[in-house]
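Work through the exercises below with the model open. Each task is followed by a solution in steps.

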Amino acid sequence: MLHEKRWNRFSSGQILRNKACPTNEHHKLTLLEAMAMNTIILSTPVGGIPDVIENNISGLLSAEVSLDSFYDTIEYYLTLGETEVEKIALENHNKSSHVKM
């Protein structure tokens, strides 16, 4: 049951898995658009992404830019309770609504 619940959360489209390329400036806009839709962001800490995502507050950042670290971040996300996930989603929506483009 727990495995099924985790898979449903992971595959539901409620998260954006972003192993970003540091040279692509469009990633920040993609993150902000996803945040506005209450999407949980899982990302590596490249480029300006840490300026947008506060780890464990408005998303989850891996400790380093590596596949193993990103995998650990996904595993951590899957251990979060629904209340923690909802809190991050609400923070995303609130934060994105204050951004001026």
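A contact means heavy atoms within 4.5 Å. The model is predicted: local features need pLDDT of at least 70, side-chain atom pairs count only at pLDDT 80 or more, and totals for chains, interfaces and linings use all residues. Residues are numbered from 1 along each chain as its sequence is written, and side-chain values use heavy atoms, with hydrogens and water left out.

**Exercise 1. Describe the chain as a whole.**

Step 1. Count the elements, taken as DSSP runs numbered from the N terminus (helices: H or I, at least four residues; strands: E, at least two). The chain has 5 helices and 3 strands, and their order along the sequence is α-β-α-β-α-β-α-α.

Step 2. Look at the contacts between residues at least 6 apart in sequence: 56% of them join residues at least 24 apart.

Step 3. The accessible surface is about 6400 Å², and carbon and sulfur atoms account for 55% of it.

Step 4. Sort residues by relative accessible area: buried is under 20%, exposed is over 50%, and partly exposed is in between (1.4 Å probe, protein chains only). Of the 101 residues, 39% count as buried.

**Exercise 2. Examine the phi angles of Asn38 and Asn56.**

Step 1. Recall that most residues other than glycine have a negative phi.

Step 2. Asn38, in the loop between H2 and S2, has a positive phi near 60°. Asn38 counts as partly exposed because its relative accessibility is 39%.

Step 3. Asn56 is not a glycine, yet its phi is positive, at about 65°. Asn56 lies in the loop between helix H3 (49-52) and strand S3 (60-61) and is partly exposed, with a relative accessible area of 41%.

**Exercise 3. Which residues does Glu54 touch, not counting residues up to four places away in sequence?**

Step 1. Find Glu54 in the loop between H3 and S3.

Step 2. With that exclusion, Glu54 touches Gly59 and Lys95.

Step 3. Glu54 is partly exposed because its relative accessible area is 37%.

Step 4. Glu91 is 37 residues from Glu54 along the chain, and their C-alpha atoms are separated by 9.9 Å.

Key
Accessible areas come from the Shrake-Rupley method with a 1.4 Å probe; for residues, only the protein chains shown count as cover.
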